[in-house]
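Okay, everyone, thanks for coming.

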Amino acid sequence: QVQLVESGGGLVQPGGSLNLSCVASGFDFTKAAMSWYRQAPGEERAFVASSFHAGASTNYACSVKGRFTISRDNAKNTVYLQMSSLKPKDTAVYYCNAHDYRDREYWGQGTQVTVSS
């Protein structure tokens, strides 16, 4: 049974910081590429960041580069998204995504991030 559980979402003021976590189970996390996506109201789901299984290779959307950091702890089957200098446009539901080594794809249920004063 594959499961991705996001946590850490909430309300934060513009310029603030927030850290998200995604705990994975039911597949070999150490061989999976992990990503974060987000979906703002009225918009399509968009790529945010990814980390390949080695952890050294990461990708970021241009809109978050320099503000967000993706990291992972394979011993804890957890991927993180550290967010700083948050803007109202960052408001969205953030989803955890996994591609395992056999190219199977999994999604979490999402966690709401709201950036507002």
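Let's begin with a loop: where is the place of S85? S85 sits in the loop between β8 and β9. When I say strand, I mean a DSSP run of E with at least two residues, numbered from the N terminus.

Quick housekeeping before I go on. This is a predicted model, where local features need pLDDT of at least 70 and side-chain atom pairs count only at pLDDT 80 or more, while totals for chains, interfaces and linings use all residues. Residues are numbered from 1 along each chain as its sequence is written, and side-chain values use heavy atoms, with hydrogens and water left out.

Back to S85. Its phi is near 50°, a positive value in a residue other than glycine. S85 is partly exposed, with a relative accessible area of 41%. For those words, buried is under 20% relative accessible area, exposed is over 50%, and partly exposed is in between, using a 1.4 Å probe and protein chains only.

D103 also has a positive phi without being glycine, near 65°. You'll find D103 in the loop between β9 and β10, which is 105-107, and at 61% relative accessibility D103 counts as exposed.

Now, let's go inside. Which residues touch the most other members of the largest nonpolar core? Out of 29 residues, they are L4, F27, M34, W36, L81, M83 and Y94. A nonpolar core here is a set of buried Ala, Val, Leu, Ile, Met, Phe, Trp, Tyr and Cys residues joined through side-chain atoms within 4.5 Å. Elements giving two or more residues to this core include β4, β8 and β9. As background, nonpolar side chains in soluble globular proteins tend to be buried together.

Let's zoom in on Y94, in strand β9. Is Y94 buried or exposed? Buried, because its relative accessibility is 0%. Leaving aside neighbours within four places in sequence, Y94 is in contact (heavy atoms within 4.5 Å) with residues including W36, L81 and M83. The backbone oxygen of D90 lies 2.7 Å from a polar atom of the Y94 side chain. And Y94 and A40, 54 residues apart in sequence, are 8.8 Å apart in space, C-alpha to C-alpha.

Last stop: S35, in strand β4, residues 33-39. S35 is buried too, with a relative accessible area of 8%. Not counting residues up to four places away in sequence, S35 touches F47, A49, S50, I70, Y95, C96 and N97.

Methods
Helix = DSSP H or I, 4+ residues; strand = E, 2+ residues; numbered from the N terminus. Polar contact = N/O pair within 3.5 Å; in protein donor to acceptor, adjacent residues only side chain to side chain.
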